[in-house]
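Welcome! Below is a protein model to explore, followed by a short tour of some of its contacts.

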Amino acid sequence: MYEEMYSIRMRAAEGGPHEHGGFHISGGETLVPKDLLEAAAKTFVHKALNHSRGDADFIQVIIEKVSSDHLVRLPPLSVSTEAVNSVEEGRHRAIELLQNFGVSEMAIANGIERLQNTTDLRGAVIMSAVGGERLDDRGSRGVRATRMGWSQEGYTRWSALYPELASPRVAEAIVLATKVAYAPFIVAELCWSDDPEYVTGYVSCREKGYVRITHLKEKGDFSGGRIFYVSDDVQLDQFIGFLEQTAVLLV
Ligand code: WAQ
Ligand code: MG
């Protein structure tokens with residue numbers, strides 16, 4: 001049978017915990033077997049303490065065992081990269097792609113505007129892919145997908161296929177985008193990092209895969225986040241329950 005897996009997640013803030021007004025610095029989550037748990041915790045603490053968004057003074061790491069009967073195994077989304085020369089061109093491309101993925105013009109405009117004007121979002125904003133209104137009530141906490149990671153074999157295979165992409169940042173983003181793409185009611189996702197030095201973002205959906213766009217914001221900009229576009233028949237408790245509770249391993 002499969003090994004027991006552990007979910008590990010981290011969040012870090014400066015100026016106290018997020019819920020007491022601390023500024024969001026960094027977060028992360030993965031799913032690992034017991035023998036890799038200590039190394040994963042160390043990696044997350046290192047990530048929190050060495051971050052371009054600031055100097056964390058609150059770091060929380062939570063570890064939970066995941067029952068292996070509840071583990072869903074998924075293949076990673078296919079990856080492509082669109083090289084663009086400016087933020088304007090990148091956003092234009094994001095708009096075209098998201099329209100093609102089934103998101104309305106209004107919802108795309110609202111999503112981009114939301115990310116552009118947000119510098120302190122910990123999770124994702126859930127937005128109607130039709131009307132473009134925000135559907136969750138989580139404020140700057142947002143909705144975080146958790147309990148997901150790579151299997152060791154899966155990551156080895158994937159990183160051999162895409163050696164130029166094999167960084168922790170891209171690997172984590174592929175896990176997240178893949179889990180989200182398999183959620184019930186999802187239409188598409190839009191993301192760019194809130195880290196000021198990282199300007200590549202992506203749009204994704206199950207059918208068309210993970211499409212990287214090399215400029216979605218200017219260097220030095222602290223704005224960023226994620227928009228999960230959902231269909232209008234969404235049952236939010238089911239959608240959020242999948243993101244937070246269902247354990248997903250990429251193979
Ligand atoms: N669930 C939901 N939203 C999340 C999660 C999560 N587990 N983790 C992060 N977010 C949201 C949150 O609003 C963050 O502020 C925002 O996403 C950005 O997170 O080259 O580095 O970890 O292919 O800064 C994408 C492109 C990089 C990678 C994304 O995001 C590539 C990135 P960050
Ligand atoms: Mg970040």
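## A walk through the model

D194 and D195 are both buried, where buried means under 20% relative accessible area, exposed over 50%, and partly exposed in between (1.4 Å probe, protein chains only). These two residues coordinate the magnesium ion (ligand 2) through their OD atoms, at 2.1 to 2.3 Å. Donors are N, O and S atoms within 2.8 Å of the metal (3.2 Å for Na, K and Ca), and water is not among the atoms, so sites may look incomplete.

A note on the basis: this is a predicted model, in which local features need pLDDT of at least 70 and side-chain atom pairs count only at pLDDT 80 or more, while totals for chains, interfaces and linings use all residues. Residues are numbered from 1 along each chain as its sequence is written, chains are lettered from A and ligands numbered from 1 in the order in which they are written, and side-chain values use heavy atoms, with hydrogens and water left out.

Next come the salt bridges, each a side-chain nitrogen of Lys or Arg within 4 Å of a carboxyl oxygen of Asp or Glu. By this rule there are 13 salt bridges, including these:

| Pair | N to O distance |
|---|---|
| R9 and E64 | 2.8 Å |
| E172 and K47 | 3.1 Å |
| R138 and E244 | 3.1 Å |

R138 lies in the loop between strand 6 (124–128) and strand 7 (148–150) and E244 in helix 6 (residues 236–245), so their bridge ties together parts 106 residues apart in sequence. Helices (H or I, at least four residues) and strands (E, at least two) are DSSP runs, numbered from the N terminus. R138 itself is partly exposed, at 21% relative accessibility. Salt bridges with shared partners also join R9, E64 and R147 into one network.

What about the aromatic residues? The structure holds six aromatic pairs. Rings of Phe, Tyr and Trp (its six-membered ring) pair if their centres lie within 6.5 Å; planes under 30 degrees apart count as stacked, over 60 as edge-to-face and the rest as tilted. The W158 and Y162 pair is tilted, because the planes meet at 40°, with the ring centres 5.4 Å apart. W158 is buried, with a relative accessible area of 3%. Ring pairs link W150, Y155, W158 and Y162 into a cluster.
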